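Keep the viewer open as you read.

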Amino acid sequence: MPSLLHTLSIALLSVLLCGSAVALDAGEIVALKDMQAEWGTQLGWRGEPSCNWTDVTCDSDGHVQELSLAAKQLSGSIPASIGKLRSLVSLDLSDNLLSGSIPASIGNLRS
């Protein structure tokens with residue numbers, strides 16, 4: 001059985017390597033995966049959703065706070081799942097080639 005010191009050391013190492021002890025929640029993962037599927041080529045997002053992805057900023061709790069996706073030549077529509085980014089306070093999609101309507105789910109965002 002691991003000692004308490006061993007367990008705490010592993011937890012501290014995880015925080016230092018990941019930058020946060022809290023991971024993205026299920027809704028954030030869905031939203032980022034949907035954006036990756038829609039715009040992945042232009043964004044260069046690879047692998048599993050992460051706060052380390054380019055142009056994604058997370059708060060100290062590890063939740064997506066900002067998406068700076070201006071002038072990325074994004075085309076297509078904004079995924080409805082964007083409303084699952086409940087900690088999002090800044091979204092910049094300017095200077096892109098987006099089409100369609102703005103998803104009603106954006107009204108779910110708190111700020």
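## The packing of α2

The buried residues of α2 pack against β2, β3 (75-76) and β5 (97-98). Those residues are Gly27, Glu28, Ala31, Leu32, Met35, Gln36, Trp39, Gly40 and Leu43. A few terms first: buried means under 20% relative accessible area, exposed means over 50%, and partly exposed is in between, with a 1.4 Å probe and protein chains only. Helices (H or I, at least four residues) and strands (E, at least two) are DSSP runs numbered from the N terminus, and contact means heavy atoms within 4.5 Å.

Keep in mind that this is a predicted model, where local features need pLDDT of at least 70 and side-chain atom pairs count only at pLDDT 80 or more, while totals for chains, interfaces and linings use all residues. Residues are numbered from 1 along each chain as its sequence is written, and side-chain values use heavy atoms, leaving out hydrogens and water.

## A bent helix and its ends

How much does α2 bend at Ala37? The bend there is about 65°, taken as the angle between axes fitted to the seven residues ending at a position and the seven starting there.

Just after α2, Gly44 has a positive phi of about 75°.

## Glu28, tucked away

Glu28 sits in helix α2 (residues 26-43). Its relative accessible area is 1%, so Glu28 counts as buried. The side chains of Glu28 and His63 make a polar contact of 3.0 Å; such a contact is a pair of N or O atoms within 3.5 Å, and within protein one must be able to donate a hydrogen and the other to accept it, with residues adjacent in sequence counting only if both atoms are side-chain atoms. Leaving aside neighbours within four places in sequence, Glu28 touches Gly62, His63, Val64, Lys84 and Leu85.

## The sheet

Three strands form an open sheet in the order β1-β2-β4, with mixed pairing. β1 (56-58) and β4 (90-92) are the edge strands, each pairing on one side only. Two strands pair if DSSP finds at least two bridges between them.

β1 and β2 (residues 64-68) run antiparallel and are joined by three bridges. Within that pairing, Val56 has Leu67 in β2 as its bridge partner.

## Loops worth a look

Most residues other than glycine have a negative phi. Asp55, in the loop between α2 and β1, has a positive phi near 70°. At 24% relative accessibility, Asp55 is partly exposed. Ala71 lies in the loop between β2 and β3 and has a positive phi near 50°. Ala71 is exposed, at 52% relative accessible area.

Asn96 belongs to the loop between β4 and β5. Is Asn96 buried or exposed? Asn96 is buried, with a relative accessible area of 17%. A polar atom of the Asn96 side chain lies 2.9 Å from the backbone oxygen of Leu93, and one lies 3.1 Å from the backbone oxygen of Ser94. Beyond its neighbours within four places in sequence, Asn96 is in contact with Leu69, Ala70, Ala71, Lys72, Gln73 and Leu74.
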